[in-house]
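Keep the structure open while you read.

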Amino acid sequence: MQKVSYYLIATIVLFSFAFFMNSADYLRKPTNEQNNLALHVKNLDQNILEENWDEAEHNYIQLKKAWDEIVKKIQFSVEKDEINYININIARLNAYIKVEDDDGALAELYELEEHWNNLNR
């Protein structure tokens, strides 16, 4: 009986780890408007195209907050490089918004969106 319980516990632990390590697609889904990264990217895209830099700065802050919340949930189920690529895109996006460079900001935003869409694939 004791031998069976050891195998059962080991099996449960292994399945739990496997489930957790493959849960990024589920964990990155928005639970509310504040952590909806895709919505913030869409809003930023619109702000940059309209050259509304004050609103773009506000939406950038919202995007950064959403990413900070999401990364805490997915950090164990996504490769570190993928998280770093998005962090770099967000940092560059901030710089382009501050200097009001619409071409650079859009390039970084679209690259960020591509990294986001291909996360954990």
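A crossing of two helices is left-handed if the near helix is turned anticlockwise from the far one by less than a right angle. By that test, α5 passes α6 in a left-handed crossing. The model is predicted.

**α5 against α6**
- The two helices pack at about 160°, and their axes lie 9 Å apart.
- Angles over 145 degrees count as roughly antiparallel, so α5 is roughly antiparallel to α6.
- From α5, the contact uses Tyr85, Ile86, Asn89, Ile90, Arg92, Leu93 and Tyr96.
- From α6, the partners are Gly104, Ala105, Glu108, Leu109, Glu111, Leu112, His115 and Trp116.
- By class, this contact holds nine nonpolar, three polar and three charged residues.

**α4 against α5**
- Helix α4 spans residues 53-74, and helix α5 spans residues 80-98.
- Their axes come within 10 Å and cross at roughly 165°.
- α4 and α5 are therefore roughly antiparallel to each other.
- This crossing, too, is left-handed.
- On the α4 side, the contact residues are Trp53, Ala56, Glu57, Tyr60, Leu63, Lys64, Trp67 and Val71.
- On the α5 side, they include Ile83, Ile86, Ile90, Leu93 and Ile97.
- The contact of α4 with α5 counts 12 nonpolar, two polar and three charged residues.

**α3 against α4**
- α3 and α4 pack at an angle of about 160°, with 9 Å between their axes.
- They are therefore roughly antiparallel to each other.
- The crossing of α3 and α4 is left-handed.
- α3 brings Leu37, His40, Val41, Asn43, Leu44, Asn47 and Ile48 to the contact.
- Among the α4 residues they meet are Trp53, Tyr60, Leu63, Trp67 and Ile70.
- The contact of α3 with α4 divides into 11 nonpolar residues, five polar and one charged.

**The nonpolar core**
- In soluble globular proteins, nonpolar side chains tend to be buried together.
- Here, the largest nonpolar core has 25 residues.
- Which members touch the most other members of this core? They are Leu37, Leu44, Ile48, Leu63, Trp67 and Leu93.
- α3 (37-49), α4, α5 and α6 (102-117) each give two or more residues to this core.
- The largest share, nine residues, comes from α4.
- Leu93 touches Leu44, Ile48, Tyr60, Leu63, Ala105, Glu108 and Leu109, leaving aside residues up to four places away in sequence.

- Asn89 lies in helix α5.
- Is Asn89 buried or exposed? Asn89 has a relative accessible area of 1%, so Asn89 is buried.
- Residues up to four places away in sequence aside, Asn89 touches Glu108, Glu111, Leu112 and His115.
- Asn118 lies in the segment after α6.
- Asn118 has 37% relative accessibility, so Asn118 counts as partly exposed.
- Asn118 and Glu82 are 36 residues apart along the chain, and their C-alpha atoms are separated by 9.1 Å.

Note on methods:
Residues are numbered from 1 along each chain as its sequence is written. This is a predicted model: local features need pLDDT of at least 70, side-chain atom pairs count only at pLDDT 80 or more; totals for chains, interfaces and linings use all residues. Side-chain values use heavy atoms; hydrogens and water are left out. Axes are lines fitted to C-alpha atoms, for helices over the stretch in contact, and angles run from 0 to 180 degrees between N-to-C directions. Helices (H or I, at least four residues) and strands (E, at least two) are DSSP runs, numbered from the N terminus. Angles under 35 degrees count as roughly parallel, over 145 as roughly antiparallel, 65 to 115 as roughly perpendicular and the rest as oblique. Contact means heavy atoms within 4.5 Å. Ala, Val, Leu, Ile, Met, Phe, Trp, Tyr, Cys and Pro count as nonpolar, Asp, Glu, Lys and Arg as charged, and the others, Gly among them, as polar. A nonpolar core is a set of buried Ala, Val, Leu, Ile, Met, Phe, Trp, Tyr and Cys residues joined through side-chain atoms within 4.5 Å. Buried means under 20% relative accessible area, exposed over 50%, partly exposed in between (1.4 Å probe, protein chains only).
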